[in-house]
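Trainee: I would like to work through this model step by step. Please show it to me.

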Amino acid sequence: MGNFRYRDDQPHEEPAVTLDAFLEQPDATAVRLEAGEDARQLIPHLDRLQLIEVSFPRFRDGRGFSSARILREAGYKGELRAEGDVLIDLLFFMRRCGFDSFASQHSLNPVDVEAALNRYSNVYQDATDEAVPIWKLRHG
Amino acid sequence: MRILTGNDLKTGAVIWWTGRDWSLHVEDAADVGEHGEAVLAAEDGARRVNGGYIVDAEATPDGPRPAHIKDRIRALGPTVRPDLTLKPADPTAGDWVI
Amino acid sequence: MYRYDQYDQAMVDARVEEFRDQTRRRIAGDINDDQFKPLRLKNGLYLQLHAYMLRVAIPYGTLNSVQMRKLAHIARTYDRGYGHFTTRQNLQYHWIKLEQAPDILAELATVEMHAIQTSGESIRNISADQYAGAAADEICDPRPWAELLRQATTFHPEFSYLPRKFKIAVISSKEDRAALRWHDCALRIVRNEAGEEGFEVYAGGGMGRTPFIAFPIRDFCPANQIFSYLQAILRVWNLHARRDNIHKQRMKILVHELGEEEFRRQVEEEFQTFLALGTDFPQAEYDRIAAYFTPPPFETGLSEEIDRSDPEFALWVDRQTVRHKAPGYAIANISLKPVGGIGGDVTAEQMEVVADLAERYSFDDVRVTHAQNLVLPHVRKQDLYAVWGALAAAGLADANLDLVTDVIACPGLDYCTLANARSIPVAQKIQQRFADMDRQLDIGELKVKISGCINACGHHHAGQIGILGVDRKGTENYQLLLGGSGAEDTSQAKITGPGFDEDGVVDAVERTVERYRELREPGERFLDTYRRVGLDPFKEAIYG
């Protein structure tokens, strides 16, 4: 199975619509962002959004990492889901960029997923997660 | 003729398809005719080869000689380090490449 | 030099275990090569022509003797007794087994080394001036900044799946010894009018099939904001680069397509975003790192005298040593370009000789240069003779720095699966043609750079004489280029015309050199003459 969710709230049931459709539907609460689409277009609507699904059409296409950070940096608190060619070795970076759920097209072994997420106890730099960068640990 | 080469998954050594198995020596390479893709798919799936591909070669009395210089260097070893090739004792081995 | 604390050590140790796990999954068949490839590349492991190749990071080209001995040990134990220093100040092993690669990384981790981000579409190992901390002309040692950025860019979550590779260089002098503007992001430490330290930033450089020289994107970025600025550059590129054609995904292409002004505007906008996030490392962290790079305890009152009675030694001193900032000391360059040898290749035994010399005579410090040579940065002048003697005994005392035989060459078709033609034999033939020392000295500075394919690992675009190997209907063919530079007068070499076979290109180089000797005015280097007279007189000499 390839679905993992790291949130305490209930999963959002409404299907995610395309960005264009979302911008035209004032009551839509879930959107799917394709690679290459501008995440900043969602910023005026973050209050009503409960689910943003960011597409990873190929694992090599890392645009979604920037999209995720832009959304979190703008204050988005809802579910942020990475969807598509999501491989185990991307999960750690995705979590750090603010993704809190994964819908991988691959079957991912939960043990491997846990190992990948917990491999590094510390990080060198700030991102969009709670991890304290090493420089902060060094200087108290 | 068409022969198959690739690298051994675990060691990276250059290998050639003999028809049944893989050999370090291009002399052992078998003509695969039109079956190259099928053999490669099966062997890659079984993880007996990595990065396999089909090579055009000429049949000679000494065995297959790949058509392209890159594959001849693959078969022998670096021309600038005869000591590291498969034929370190043969001072003329490099002539086969060029 | 920098030393790991428990955090740095835990990071590389975890990386070794991660790669061990990834390798296990690949060998067990849990992942295929398509999925494994980007993972192994992020650990510098390529599948090459004859075997796997491991590229070891040498951050900003600095090594100590323990590290150098470990590199020798790995060469002897896991490879075939040698390693190859590259144009990116790294070391490559050409005969690695996948099943042993995790063990090699574990060995490296014991001496605070790794292969993290030495390949793949990531922020690569950061290069710097090889004379850092020793050069008389530097504003400050650039390596603390390089180390700070090394940490900041290691496993950066947003920028670990970039459109393509991303190369950073840092220097702090006017003279450029690091091919600065051939990098994606080039940083030169400067002081502004108020005396504050900051960076002159260039962006969008790179060689490869579409060469560009980095353009000046910002005159002055305050030093303590450089990580924000760098992230801004990376984000603009990551969001907007093409993803449909691997040959058009380097940042230089985006800069070219957007235009310098628009690219700069977007970076400035994103810069404000990052400044507001406050992700820059604080002064205290810079100070902590910089403390590792305080100058070694140079002795005072040393003699400046060098006994030049041995003419071979005198020649080596004149050619290979450079002025040091401390009186009584010299920077000693070690040539890895013996005539007829393989440029950049060093045996395990030679590594150990260099390690011993560094430990004994150079405050335990060795540098790797982008020209594939080594440097002992801090040698007392009175010790130069002993150093030279030991180098000579190890076959490392050639006196050809920046001369026509100091050829940069990529591994080429002898080793590389991407290559179209061999590079090393061409380099060797040029060396043999110009082996006569008097002739080399008469020609003077002449930087020859050879690549075996358009990826340009041999820096042919930056060669005063560049050679590019191509595949012409299955045979090796070589194009000749003139007028490039990787120094502060950066320029891109131009193709002279139709290509040649191996001997033909060596003849063409000789005709080029002879024409230069006819045309030069007193004091002119080859590059100066070329720039004064242009390409035509040389074309005439080459093609008749």
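Mentor: Start with one term: two residues are in contact if their C-beta atoms, placed from the backbone, lie within 7 Å. This is a predicted model, where local features need pLDDT of at least 70, side-chain atom pairs count only at pLDDT 80 or more, and totals for chains, interfaces and linings use all residues. Residues are numbered from 1 along each chain as its sequence is written, and chains are lettered from A and ligands numbered from 1 in the order in which they are written.

Trainee: Of the contacts in chain B with a separation of 6 or more, what percentage is between residues 24 or more positions apart?

Mentor: Take the contacts in chain B with a separation of 6 or more. Then pick those between residues 24 or more positions apart, and the share is 46%.

Trainee: In what order do the elements of chain B run?

Mentor: Helices (H or I, at least four residues) and strands (E, at least two) are DSSP runs, numbered from the N terminus. Chain B has two helices and five strands. From the N terminus on, the order is β-β-β-α-β-β-α.

Trainee: What is the radius of gyration of chain B?

Mentor: The radius is taken over C-alpha atoms, and the globule rule is 2.2 Å times the number of residues to the power 0.38. For 98 residues the rule gives 13 Å, and chain B is close to that, so it is as compact as a globular protein of that length. The radius of gyration of chain B is 13 Å.

Trainee: Which helix supplies the largest share of the side of chain C that touches chain A?

Mentor: In this pairing, 32 residues of chain C are in contact with 27 residues of chain A. Several helices of chain C each supply at least two residues of that side, including α2 (33-41) and α8 (260-277). The largest share, six residues, comes from α1(C).

Trainee: Are α1(C) and α4(C) roughly parallel or roughly antiparallel?

Mentor: Axes are lines fitted to C-alpha atoms, for helices over the stretch in contact, and angles run from 0 to 180 degrees between N-to-C directions. The axes of α1(C) and α4 (residues 101-109) of chain C come within 9 Å and cross at roughly 175 degrees. Angles under 35 degrees count as roughly parallel, over 145 as roughly antiparallel, 65 to 115 as roughly perpendicular and the rest as oblique. That makes α1(C) and α4(C) roughly antiparallel.

Trainee: Which residues of α4(C) make the contact with α1(C)?

Mentor: From α1(C) come several residues, among them C:Val12 and C:Phe19. On α4(C) they are C:Ala101, C:Pro102, C:Leu105, C:Ala106 and C:Ala109.
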